[in-house]
Amino acid sequence: MTDDPLLRTIIAALTPGRIERLGVAVSGGGDSVALLHLLAAWRAAGGPDLAAVTVDHGLRPEAAAEAEAVAVVCAGLGVPHTVLRWQWDRRGNLQDAARRARQRLIAEWAAGQGAGAVALGHTADDQAETVLLRLARGSGVDGLSGMAAERRAEGVLWLRPLLEVRRGALRDWLRTRGVGWAEDPSNDDPRFDRVKARQALAALAPLGLDVAGLADTAARMRMAREALAQTAQAAARGLGRIDAGDVVLASGFAGLPEETRLRIAAHALRWIGGGDYRPRLAALQGALAAAQGGKPATLAGCLLLPEAGGLRIAREPQAVAATTGLVGDLWDGRWRLEGPGPADCEVRALGAAGLALCPGWRETGRPHAGLAATPAVWRGANLVAAPLAGHPAGWRAELACGEEDFLHSLILD
C-alpha cells in the first residue's frame with residue numbers, strides 16, 4: 001500500500017525510523033479517521049507501533065457514541081484505543097479551556113503509553129483558516145506562520161503530517177474505501193470563528209485568497225520567522241546570561257531593532273513564567289518601554305527590572321507566593337532543591353520576610369524583588385536555606401533548563 005500518494009505523504013512527513021511508538025488523536029471526524037487508517041496501513045508496512053486516543057469533552061450528547069465508534073474502528077484495525085473524559089468547570093473561554101485540557105490529557109496518556117510523539121489530523125484547510133483568523137487579529141510574522149508541522153509541548157512531540165493535504169482529499173480517500181466518519185454539527189455553527197473563517201474563504205476564493213494561497217503565505221512567514229529567530233538567538237547569546245534563573249540582558253539590548261528586542265523579551269517571559277502564549281504586543285511594548293526608561297514593570301508573572309543600563313527579567317514574587325513543593329520535586333516548573341534535610345522540609349518562595357533572614361543577600365548582587373521569588377527550604381515557619389540568596393546551609397538549587405536551553409528554545413518559541 002506504500003504506493004498510495006497519501007500514505008507516502010504521511011511517511012515523508014513523519015520520517016521513518018525516528019519514532020518507535022506513535023500516538024494518534026482521533027475525534028471520529030473525517031480528518032482524524034483518515035489519519036488513523038493511514039497510520040495503521042504504515043504500521044502494517046513496517047511503520048511504528050501505534051496507539052489511539054479520543055477525548056470526550058462531554059459537550060455534546062453524541063460525543064460518547066462517537067468515541068465508542070472510534071473504539072470499534074480501532075479494534076478492527078488492531079490499534080489499542082483509550083477514551084479520556086473531561087468536564088468543563090464553566091470558567092474562562094470554553095474553546096481555549098477544551099484545547100488546553102485536551103493537550104494536557106493526551107500528553108499524560110502518551111507518557112503512560114510510552115509514545116514520544118502524537119499525530120494530529122490538521123489539514124491544509126485548517127492551516128488556511130488559522131492564518132485568516134490570525135490575520136483578522138492583527139498577528140505578525142509568528143502568528144501568520146500558522147500551525148507548525150511539529151512542535152514540542154508538555155513533554156510530547158506533536159506532529160501534523162497532513163498540513164499539505166486538503167480536507168476534501170481525505171474524505172475522497174475514505175469514500176473510495178467505504179470508511180465512514182462522524183460529522184460534528186459545530187463545524188457548521190456560524191457562532192464559531194473558525195466556521196466564519198471557513199465561510200469567508202469560500203467567498204474570497206475568486207480573489208485568490210484561498211486555501212492554497214494562505215498555506216503558501218504561512219510557509220513564507222515560517223521562513224521569515226526562522227530568520228528573525230536566528231537573529232534574536234545570536235543577539236541573546238552576545239548580550240544575555242542566566243543568573244539565578246533570571247534572564248539578564250546587557251546595555252546593548254536597548255540598541256537592538258525593536259522586533260529583536262520584543263522577540264527576546266517575549267521568549268524570556270515565557271521561559272521564566274511558563275506561559276502558553278507570548279504576551280500581547282501592546283502590553284509587551286509598554287512593559288519594555290517602562291523598564292528601559294528606569295521604571296520596573298510587571299508582565300506575565302514576571303518582573304522587568306532596569307539593571308546597569310540593561311534589563312533583568314525575573315519571576316514575580318506574587319506569582320509564586322502560594323507555590324509549594326516537596327524537596328527534590330520540580331518547583332515552579334523550573335527549580336529542584338537538594339540538601340541535607342531534615343526530611344519534613346518543603347520548598348516555598350523565599351518572600352520578603354524570608355529574605356530579611358538572609359543577611360548576605362546583598363553580596364549576591366541580585367535585586368531584592370527578584371530574590372523574593374526564588375525557591376527556599378522551609379520547615380514550617382522556619383527558614384532552613386535560601387541557596388540563591390546567600391544562605392545555602394548546605395543546600396543547592398538547580399535549574400531544570402539552563403542557559404543553552406533558553407538560547408536553543410528561542411528558535412523554537
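Leu304 is found in strand S10, which spans residues 302-307. The model described here is predicted. Leu304 counts as buried because its relative accessibility is 0%, below the 20% cut-off for that class. Leaving aside residues up to four places away in sequence, Leu304 touches Leu269, Ala287, Leu288, Ala291, Lys295, Pro296, Ala297, Leu299, Leu311, Arg312 and Ile313.

**Helix H10**

Leu269, a contact of Leu304, is among the buried residues of H10. This helix covers residues 258-273, 16 residues in total, and reaches 22 Å from its first C-alpha to its last, close to the expected 22 Å. H10 is mostly covered, with twelve of its 16 residues buried. The buried set comprises Thr260, Arg261, Leu262, Arg263, Ile264, Ala265, Ala266, His267, Ala268, Leu269, Trp271 and Ile272. After the helix comes Gly274, which has a positive phi near 75°.

In soluble globular proteins, nonpolar side chains tend to be buried together. The largest nonpolar core in this model has 33 residues, and Ile10, Leu22, Val24 and Leu39 have the most contacts inside it. Two or more residues are given to this core by each of helices H1 (5-14), H2 (30-44), H3 (63-77) and H7 (167-176), and by each of strands S1 (21-25), S2 (49-56), S4 (117-119) and S6 (156-159). H2 provides the largest share, nine residues. A second, separate core of 28 residues includes Phe253, Leu284, Leu288 and Ile313. Of these, Leu288 and Ile313 are also contacts of Leu304.

For Leu22, the contacts beyond four places in sequence are Leu14, Leu39, Pro48, Asp49, Leu50, Ala51, Ala115, Ala117, Val118, Ala119 and Leu159.

**Ser145**

Ser145 lies in the loop between helix H6 (141-144) and strand S5 (150-153). Ser145 is buried, since its relative accessible area is 1%. Its side chain makes a polar contact of 3.3 Å with the side chain of Arg225. Beyond four places in sequence, Ser145 touches Gln127, Ala218, Met221, Arg222 and Arg225.

The two residues with stated accessibilities are set out below.

| Residue | Relative accessible area |
|---|---|
| Leu304 | 0% |
| Ser145 | 1% |

Note on methods: Residues numbered from 1 in each chain as written. Predicted model: local features only at pLDDT ≥ 70, side-chain atom pairs only at ≥ 80, totals over all residues. Heavy atoms only, no water. Helix = DSSP H or I, 4+ residues; strand = E, 2+ residues; numbered from the N terminus. Expected span 1.5 Å × (residues − 1). Buried < 20%, exposed > 50% of the residue type's maximum accessible area, 1.4 Å probe, protein only. Contact = heavy atoms within 4.5 Å. Core = buried A, V, L, I, M, F, W, Y, C linked by side-chain atoms within 4.5 Å. Polar contact = N/O pair within 3.5 Å; in protein donor to acceptor, adjacent residues only side chain to side chain.
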